[in-house]
Amino acid sequence: MPDVIAALITGTQTLELREFPQHPPGPGLVTVDIALCGICGTDIASFRSGHLHSPAVCGHEWVGTVADLGKDVVGLQEGERVVVSVVPPCGHCPECLRGLTEHCRTASMVARGRDPLAPPHGGFARSITVAAGRLLPAHPDLTDEEAAQVEPATVAFHGVRRSRLRPGDTVVVQGAGPIGLLAQQFAHAAGAGQVLVVEPSQGRRDLALELGAARAFEPAEAADLVHDATGGLGADVVIECTGVPRLLQTAADLTRAGGTVSLLSFLAEPAQIDGARWLAKELSLVASNAFTHDDVRRSMGFLADGRVRAAPLHTRTIGLGELEQALAGLAAGPSDDVKVLVDPRSAS
Ligand SMILES: [Zn+2]
Ligand SMILES: [Zn+2]
């Protein structure tokens, strides 16, 4: 079997193409030929900062076709189009034994690429071998470009579900990157009264409006305009999607008394908050990490029926050879790219 060449972020501003020997999948494992893999904010942050995650999550948003099945795998067939998920609840970790299956420790380890079956590389490769439980059939109504965005869409879906959003609420989304643009749409679909987006890039603000935001502001205007849009009250829910640590306090300042800050971004550094201001307003913080197996199926339904649109987020598709340059551009700061997809079969 030919080796698999995979792109891995190995340090600050460093991407390496490495070869991995390909073996037939072992029991319970499935080999998937990858069609498209999205570049995630965590890949960009790793490239920028050198803060490395498990190699298995370097490229963790993919769609592909089942190429080979290990022994004992049921429910999947060769040639079937699949998207990446996390495993279903394991049933025997401390959380599962207490009935807290949404917080299954095993599924969380798998999501972070820290489980014993984690592959030695991620989805920036022609193929990948993963536990069968991580795969779900791609919804037939989704294009490959949409299916490659099921993972970030599900992150946004899970965050909105956890945010305690109620029909009619004013929701502020901080940051109109892929997660913010998906979260604003799920908030809308969940019945938000008005969705306001705060984003420095004009192009991304325009996209936020096209995708249904009532208003989109520059960060400098946000405090005044959220004040005006809510009669001085503040937002019921603020969803933080920028990943900038100091903006956690900004999110709290935009939230009304008794409201909720939903932390949906990965903050690579500790964030400073003004605890007295949180206390005075009796704010709640709801953090959201990844998603459950079942969330994937549910979020795909929203993408398939058009309530949530991923296609407008896709700005271009590149080959593995262009990945380093694309990461450098995305890591350098404001970019016209929103979601860049990598086609590992492409020659360039
Ligand atoms: Zn991601
Ligand atoms: Zn468990």
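**Figure legends: close-up views of a predicted model**

**Figure 1. Overall fold of the chain in the predicted model.** Of the contacts in the chain with a separation of 6 or more, 70% are between residues 24 or more positions apart. The chain holds twelve helices and 15 strands. Its C-alpha trace extends over about 65 × 45 × 40 Å along the principal axes. The radius of gyration is 20 Å, which agrees with the value near 20 Å that a compact globule of 348 residues would have. Buried residues account for 52% of the 348 residues.

**Figure 2. The zinc ion (ligand 1) and its coordinating residues.** Two side-chain atoms, SG of Cys40 and NE2 of His60, coordinate the zinc ion at 2.1 to 2.3 Å. This pair, 20 residues apart, links distant parts of the chain. Cysteine 40 lies in the loop between strand S3 (29-38) and helix H1 (41-49), while histidine 60 belongs to the loop between H1 and strand S4 (62-69). Cysteine 40 counts as buried because its relative accessibility, 11%, is under 20%. Histidine 60, with a relative accessibility of 13%, likewise counts as buried.

**Figure 3. The largest cavity and its lining.** One cavity of 30 Å³ or more is found in a search of the whole structure. The volume of the largest cavity is about 50 Å³. Its lining comprises Ala56, Val57, Gly59, His60, Trp62, Val110, Gly113, Asp115, Ala118, Pro119 and Arg134. By class, these lining residues are six nonpolar, three polar and two charged.

**Figure 4. Aspartate 72, a residue with positive phi.** Although aspartate 72 is not a glycine, its phi is positive, at about 75°. The residue is placed in the loop between S4 and strand S5 (81-84). Aspartate 72 counts as exposed because its relative accessibility of 64% is over 50%.

**Figure 5. Glutamate 282, a residue other than glycine with positive phi.** The phi of glutamate 282 is near 50°. Glutamate 282 is located in the loop between helix H10 (275-281) and strand S13 (284-287). With a relative accessibility of 65%, glutamate 282 counts as exposed.

Methods
Residues are numbered from 1 along each chain as its sequence is written. Chains are lettered from A and ligands numbered from 1 in the order in which they are written. This is a predicted model: local features need pLDDT of at least 70, side-chain atom pairs count only at pLDDT 80 or more; totals for chains, interfaces and linings use all residues. Side-chain values use heavy atoms; hydrogens and water are left out. Donors are N, O and S atoms within 2.8 Å of the metal (3.2 Å for Na, K and Ca); water is not among the atoms, so sites may look incomplete. Helices (H or I, at least four residues) and strands (E, at least two) are DSSP runs, numbered from the N terminus. Buried means under 20% relative accessible area, exposed over 50%, partly exposed in between (1.4 Å probe, protein chains only). On a 1 Å grid over the protein atoms alone, a cavity is a set of points where a 1.4 Å probe fits but cannot get out, and a pocket is an open set with protein on both sides within 12 Å along at least five of seven lines; lining residues have an atom within 4 Å of a point. Grid points are joined across faces, edges and corners, and a volume is the space filled by probe spheres set on the points. Ala, Val, Leu, Ile, Met, Phe, Trp, Tyr, Cys and Pro count as nonpolar, Asp, Glu, Lys and Arg as charged, and the others, Gly among them, as polar. The radius of gyration is taken over C-alpha atoms; the globule rule is 2.2 Å times the number of residues to the power 0.38. Contact means heavy atoms within 4.5 Å.
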